[in-house]
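Hi,

Here is the model I promised to pass on. Have a look at it first, and my notes on what turned up follow below.

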Amino acid sequence: MTAQPLLAPRSACDLPVLRQRGQREVFCGLTGIVWLHRKMRDAFFLVVGSRTCAHLLQSAAGVMIFAEPRFATAVIDERDLAGLADLHDELDRVVGRLIDRRPDIRTLFLVGSCPSEVIKLDLAKAAARLSLGFGNRPRVLSYSGSGIETTFTEGEDACLAALVPDLPAEGRDAEASLLVVGTLADVVEDQFRRLFADLGIGRVAFLPGRHREDLPAVGPATRMLLAQPYLAETARRLEDRGARRLAAPFPLGAEGTTDWLWAAATAFGVPAERFETVTRPARQRARAAVARHRAALENRRIFFFPDSQLEIPLARMLSCELGMIPVEVGTPYLHRAHLEPDLSRLSPDLVLSEGQDVEAQLDRCRAAKPDLVVCGLGLANPLEAEGFTTKWSIETVFTPIQGYEQAGDLAELFARPLDRRNRLEV
């Protein structure tokens, strides 16, 4: 018998994954409230947790002077945990006061900052009871944002997954519809709506919508495009309702956005000529905007610590459109089925890691000596003190980066730290 030679990996899809299980340095899922409450304008997020969680939200969201934010914290103190107070009565009292004060709330999310075993309260049952008591005005739902159970962007996944059972069912003879899943800035959503309309795709909805009445119907005629790579549970629940996911790279950069739109165009029978005519002007603008930053980023080596789950699509965009060289791409969770179109465009000359063992990854980063390190806030300052140039991964979540018109802004996010370093050098 002749031994068969091992085939060299053709892309990052073929790479073995370095799975890490150790200390993590990421925000918890509560942080997602900061962008979710801005998107869903008649929703309110009531965090059931500790004073520490209240301080986290205040720090993450900033102090809002001219507008009252649509989130708050129902603080659980020692008296509650000791069983000296009935937590259900306490929660009912807090929710009742909130509804009296804010009758405009249509959806109230109870967000657990700790597992139910810790706070001694089953929020799912409490939400169902409260929703029934208020006659579904507002509709009360629950999800976990606990740092034990979720990482940074998983809070959005848990929130949207909680909404899926409330989506109406499509009629049996419903025409094909497109559902874009994932929180997008309003300006980005409006841009995509115009592009889909120009392509002739008429029945388009977004989850989450801006108001509760925007909840889209879903069923076997639904075609689903993910706008964010961290929505594994939401996608699974939508598929259980009959929706079919369209495989595509995520809409980052000129090429990623084009391929993402093309996946929808193909599913809805849009002729290639019409697609080219509709997308060409915006695609050319995006390519020109990205090209302005290529000289600053080309051949620069970049290292991704796991944080937002955007790492693989970002690495694909930076590599393919700006000529950067990913050294290691780490992500908290690797959902291959959703990320394969992005992985297939990445070179196999990198380390692909899932999860985190922060000390081991720091050692690999120091050994690799990359030009730019993408990481969370907790690691950025120590690495800067060691002489590394860093990019806060949180900025890629809070900044509109999807679509053609934002492609140049996305490239600039990564060029800016290197430019700052050059200006500071003496």
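**What I found**

Of the 426 residues in the chain, 54% count as buried, where buried means under 20% relative accessible area, exposed over 50%, and partly exposed in between, using a 1.4 Å probe and protein chains only. Before you go further: this is a predicted model, in which local features need pLDDT of at least 70 and side-chain atom pairs count only at pLDDT 80 or more, while totals for chains, interfaces and linings use all residues. Residues are numbered from 1 along each chain as its sequence is written, and side-chain values use heavy atoms, with hydrogens and water left out.

**Overall layout**

The chain has 18 helices and 14 strands. Helices (H or I, at least four residues) and strands (E, at least two) are DSSP runs numbered from the N terminus. Among contacts in the chain with a separation of 6 or more, 75% are between residues 24 or more positions apart; contact here means heavy atoms within 4.5 Å.

**Strand S2**

Which strands does S2 pair with? It is joined to S4 (residues 107-112) by 6 bridges, and the two run parallel. It is also joined to S3 (residues 71-75) by 5 bridges, again running parallel. Two strands pair if DSSP finds at least two bridges between them.

**Cavities**

Searching the whole structure gives 2 cavities of 30 Å³ or more. A cavity is a set of points, on a 1 Å grid over the protein atoms alone, where a 1.4 Å probe fits but cannot get out; lining residues have an atom within 4 Å of a point. Grid points are joined across faces, edges and corners, and a volume is the space filled by probe spheres set on the points.

The largest cavity holds about 90 Å³ of space. It is lined by 13 residues, of which Met40, Gly209, His211, Arg212 and Leu215 are the closest to its centre. By class, that lining has 7 nonpolar, 3 polar and 3 charged residues. For the classes, Ala, Val, Leu, Ile, Met, Phe, Trp, Tyr, Cys and Pro count as nonpolar, Asp, Glu, Lys and Arg as charged, and the others, Gly among them, as polar.

The second largest cavity has about 50 Å³ of space. Its lining is made up of Leu225, Leu226, Arg245, Leu246, Ala248, Phe250, Trp260 and His338, which divide into 6 nonpolar, 1 polar and 1 charged.

Most residues other than glycine have a negative phi, and most peptide bonds are trans. A few places are worth checking against that.

- The Arg137 to Pro138 peptide bond is cis, with omega near 5 degrees. Pro138 sits in the loop between H6 (123-133) and S5 (139-144).
- Asn136 is in the loop between H6 and S5 as well. It has a positive phi, near 60 degrees, and is partly exposed at 42% relative accessibility.
- The Leu207 to Pro208 bond is also cis, with omega near 10 degrees. You will find Pro208 in the loop between S7 (204-207) and S8 (222-226).
- Asn299 has a positive phi of about 65 degrees without being a glycine. It lies in the loop between H12 (294-297) and S10 (301-304) and is exposed, with a relative accessible area of 54%.

**Cysteines and one glutamine**

How many disulfides does the search of the whole structure find? The count is 0, taking a disulfide as a pair of cysteine sulfur atoms within 2.5 Å. Cys159 is buried, with a relative accessible area of 0%, whereas Cys320 is partly exposed at 41%.

Lastly, Gln191 is in H8 (residues 186-199) and is buried, with a relative accessible area of 14%. Leaving aside neighbours within four places in sequence, Gln191 is in contact with Glu405 and Gln406.

Cheers

Methods: 1 Å grid on protein atoms, 1.4 Å probe; cavity = no way out; pocket = protein on both sides within 12 Å on 5 of 7 lines; lining within 4 Å.
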